[in-house]
Amino acid sequence: MADLNGIRQAMAEQVRFFRAKLNLPTQTWLSIERAAHDRAFVVAGVLKADLLADLRVAVDKAITGGTLPAFRKDFRVIVARYGWTGWTGEGTRAGEAWRTKVIYQTNVITSHAAGRRAQLLSPALLSRRRYWRYVHNDGVVHPRPHHKAWGDAQLTLPHDHPFWDTHYPPNGWGCMCRVVAEAAPPEGAATDPPEGWNTTEPRTGTPPGIDKGWDYAPGARADGSLKAMVADKLITYPPAIAQALQADLRPVIGG
């Protein structure tokens with residue numbers, strides 16, 4: 001994927017994935033977890049529907065080719081328009097830079113991953129390239145040891161191996177890893193998942209090398225129901241939010 005600070009050509013599958021999401025207000029980033037992000041657009045701490053809607057427009061512009069500086073400009077305008085205060089990062093230039101980068105980068109990377117996954121799963125491509133190879137982005141400043149090891153080993157597994165259910169990248173905040181399709185494992189490539197890949201780290205609740213909340217494949221549950229995700233506790237609402245959302249969400253989560 002191109003430099004996230006520059007102009008990118010968005011995939012049609014990427015744009016469809018993002019635009020199919022439902023806006024959901026949240027108090028913290030823990031209110032929605034893992035695969036629920038396939039169906040919901042959130043900005044942690046945003047409870048007002050109109051504020052969230054305007055932030056979504058700014059993120060949509062970012063996904064379809066906007067730059068990080070342009071998104072930061074839009075963010076400042078929107079925050080001022082609604083008088084939004086108390087958000088994490090507010091009050092310092094460094095805090096704002098961090099928060100805007102997280103919103104921008106997370107949405108761009110996950111939507112790109114979901115769009116690319118849809119392409120990789122197209123029957124025409126699968127008929128010729130049914131293996132997926134993990135690729136580490138060696139340009140990152142602080143590479144994660146696990147991710148680099150998987151990339152260095154040219155880890156290549158069938159596309160339907162359960163490893164990809166939890167390890168399809170990105171696998172954490174700022175992760176720039178990706179997957180490429182192969183007709184067969186390259187010579188010398190690792191063809192078995194790493195030892196302990198399906199265990200859980202007590203601190204994160206995720207497999208080794210995966211950040212908390214990132215043990216899912218973006219796009220894999222894009223067609224799933226929000227009702228099921230609530231039942232699976234991937235989406236949780238404080239009582240006040242649940243009551244306010246009940247009427248709006250009934251037509252959406254009823255099925």
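Biologist: How far from the centre of the ring of Phe18 does the charged end of Arg56 sit?
Modeller: This is a predicted model, in which local features need pLDDT of at least 70 and side-chain atom pairs count only at pLDDT 80 or more, while totals for chains, interfaces and linings use all residues. Residues are numbered from 1 along each chain as its sequence is written, and side-chain values use heavy atoms, with hydrogens and water left out. A charge sits over a ring if NZ of Lys or CZ of Arg is within 6 Å of the ring centre and within 35 degrees of the ring normal. Arg130 lies over the face of Tyr131 at 5.1 Å from the ring centre, and for Arg56 over Phe18 the distance to the centre is 5.2 Å.

Biologist: What is the angle between the planes of the aromatic pair formed by Phe71 and Phe75?
Modeller: Phe71 and Phe75 are about one helical turn apart because they lie four residues from each other in helix H3 (residues 68–82), where helices (H or I, at least four residues) and strands (E, at least two) are DSSP runs numbered from the N terminus. Both are buried, meaning under 20% relative accessible area, against over 50% for exposed and in between for partly exposed (1.4 Å probe, protein chains only). The structure holds 13 aromatic pairs, counted when ring centres of Phe, Tyr and Trp (its six-membered ring) lie within 6.5 Å, with planes under 30 degrees apart stacked, over 60 edge-to-face and the rest tilted. Among them, Phe71 and Phe75 make a tilted pair, with 6.3 Å between centres and a plane angle of 45°.

Biologist: In which helix is Trp150, and what parts of the chain does its pair with Tyr134 link?
Modeller: Tyr134 and Trp150 form an edge-to-face pair, 5.3 Å centre to centre with 85° between the planes. Their 16-residue separation makes this a link between distant parts of the chain, with Tyr134 in strand S3 (residues 131–135) and Trp150 in helix H6 (residues 145–152).

Biologist: How far is the sulfur of Cys177 from the closest cysteine sulfur?
Modeller: With a disulfide taken as a pair of cysteine sulfur atoms within 2.5 Å, the count comes to zero. Cys175 is buried at 3% relative accessibility, and Cys177 is buried as well, at 10%. The sulfur of Cys177 is too far from that of Cys175, the closest cysteine, for a bond, because the separation is 3.6 Å.

Biologist: Which strands stand at the edges of the sheet?
Modeller: The open sheet has three strands in the order S4-S3-S5, paired antiparallel, where two strands pair if DSSP finds at least two bridges between them. One side of each edge strand is left without a neighbour in the sheet because each has a single partner strand, and these strands are S4 (156–158) and S5 (178–182).

Biologist: What is the bridge partner of Trp132 in S5?
Modeller: S3 is joined to S4 by three bridges, and Tyr131 has Pro158 as its bridge partner in S4. S3 and S5 pair over five bridges, and four of the five residues of S5 are buried, so S5 is largely enclosed by the rest of the structure. In S5, Trp132 is partnered by Ala181.

Biologist: What distance separates the C-alpha atoms of Ala114 and Pro218?
Modeller: Ala114 lies in helix H4 (residues 93–120) and is buried, at 7% relative accessible area. Beyond its neighbours within four places in sequence, Ala114 is in contact (heavy atoms within 4.5 Å) with Phe17, Pro218 and Gly219. Although Ala114 and Pro218 are 104 residues apart along the chain, their C-alpha atoms are separated by 4.8 Å.
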